[in-house]
Amino acid sequence: KPKTKRAKRFLEKRDAKVIENTKNALLIKGGNTSETVTRALRDIYSLKKPNVVLYKKKNITRPFEDQTSMEFFSKKSDSSLFIFGSHNKKRPHNLIMGRMFDYHVLDMIELGIEKFNGLRDFKNSKSAEGSKPMLIFAGDLFELDNDHKRLKNLLIDFFRGPTVPNVRLGGLEIVLHFAAFGGKIFMRSYKVLLKKSGCRTPRIELEEMGPSFNFVLRRTHLASDDLYKKSLKQPKALKAKKKKNISQDVFGTTYGRIHMEKQDLGKLQTRKMKGLKRRKGEIKVVSDEAESSPKKAKEQ
């Protein structure tokens, strides 16, 4: 139990929430890194700001052999996403991308950098800090192969940015394009330029701004189906309540069905008119059929 109000606020901030807050990312350098890995981590840091923490000191750890260090750093910085950069003779220019669930490693995918062009290699203007990127995925492997499916999900989780109700046109500044082809993953970053078109809708042009990567997929550590399903579970408060007797057709038209009890038309209230009322001294008109039947005449 917290002893101070400050500790209580700190624990409430990290407690489970109905609406999930924006995920923070953690960038860590390994015990041995190359200049390519260091520059790659800095450029990813620039893309992900402000929801990112960069550890500049070297940390001697191997996430695939021992995950406790990553879980400790994740809990310390309150980050559920991480990238670990390392370099050795067996796996040169290596990036390990992963995510946490309840401060335990859920997925890890190892990517090798074969070609890299950083932000400083493109001499043009860059996007503003905190821009929400648009993500494009190309290639059948992202739909057919299980490892590439999970990698696609992980990349969306890492780069999607904050959840917002509305987006203005001028705020769409970055496009991140991922293509899977020939056993490699190509990542390209573009800046959106809005040009004059002579009408209200502007003309769109894309200008490459970096960073750009050519990745090769190496090792993977994926969660079991049961654990992955558990991590996707939503609280009951977020689930929409099902409305009964409402349906939609293929054109989006909504239909509602109303259930009513059987009505007794004999007790139905009709409109009252003064002209239909019987007045005093009015002679009762009896039809010929009623005259022939004394019983009916009596009823009338």
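Me: Which residues of H2 are buried?

Reply: Buried means under 20% relative accessible area, exposed means over 50%, and partly exposed lies in between (1.4 Å probe, protein chains only). In H2 the buried residues are Val37, Thr38, Arg39, Ala40, Leu41, Asp43, Ile44, Leu47 and Lys48. This is a predicted model, in which local features need pLDDT of at least 70 and side-chain atom pairs count only at pLDDT 80 or more, while totals for chains, interfaces and linings use all residues. Residues are numbered from 1 along each chain as its sequence is written, and side-chain values use heavy atoms, with hydrogens and water left out.

Me: What does UniProt list for residues 23-226?

Reply: The UniProt record, an unreviewed entry, gives "domain: Brix" for residues 23-226. UniProt positions follow the numbering used here, feature names are shortened, and annotations may be inferred rather than shown by experiment. In the model, residues 23-226 are 22% helix and 41% strand, with end C-alpha atoms 23 Å apart.

Me: Why is E5 described as largely enclosed by the rest of the structure?

Reply: Strand E5 spans residues 104-117, and ten of its 14 residues are buried, so it is largely enclosed by the rest of the structure.

Me: How many cavities of 30 Å³ or more does the search find, and what lines the largest cavity?

Reply: On a 1 Å grid over the protein atoms alone, a cavity is a set of points where a 1.4 Å probe fits but cannot get out; a pocket is an open set with protein on both sides within 12 Å along at least five of seven lines; lining residues have an atom within 4 Å of a point. Grid points are joined across faces, edges and corners, and a volume is the space filled by probe spheres set on the points. The search finds one cavity of 30 Å³ or more. The largest cavity has a volume of about 110 Å³. Its lining has 14 residues, with Leu95, Met97, Leu111, Leu155 and Phe215 closest to the centre. By class, the lining has 14 nonpolar, no polar and no charged residues; Ala, Val, Leu, Ile, Met, Phe, Trp, Tyr, Cys and Pro count as nonpolar, Asp, Glu, Lys and Arg as charged, and the others, Gly among them, as polar.

Me: What is the volume of the largest pocket, and which residues lie nearest its centre?

Reply: The largest pocket has a volume of about 1600 Å³. Its lining has 41 residues, and Glu20, Asn21, Lys23, Phe101 and Ser231 lie nearest the centre. H1 gives the most to this lining, with four residues. By class, the lining of the largest pocket has 16 nonpolar, ten polar and 15 charged residues.

Technical notes: Helices (H or I, at least four residues) and strands (E, at least two) are DSSP runs, numbered from the N terminus.
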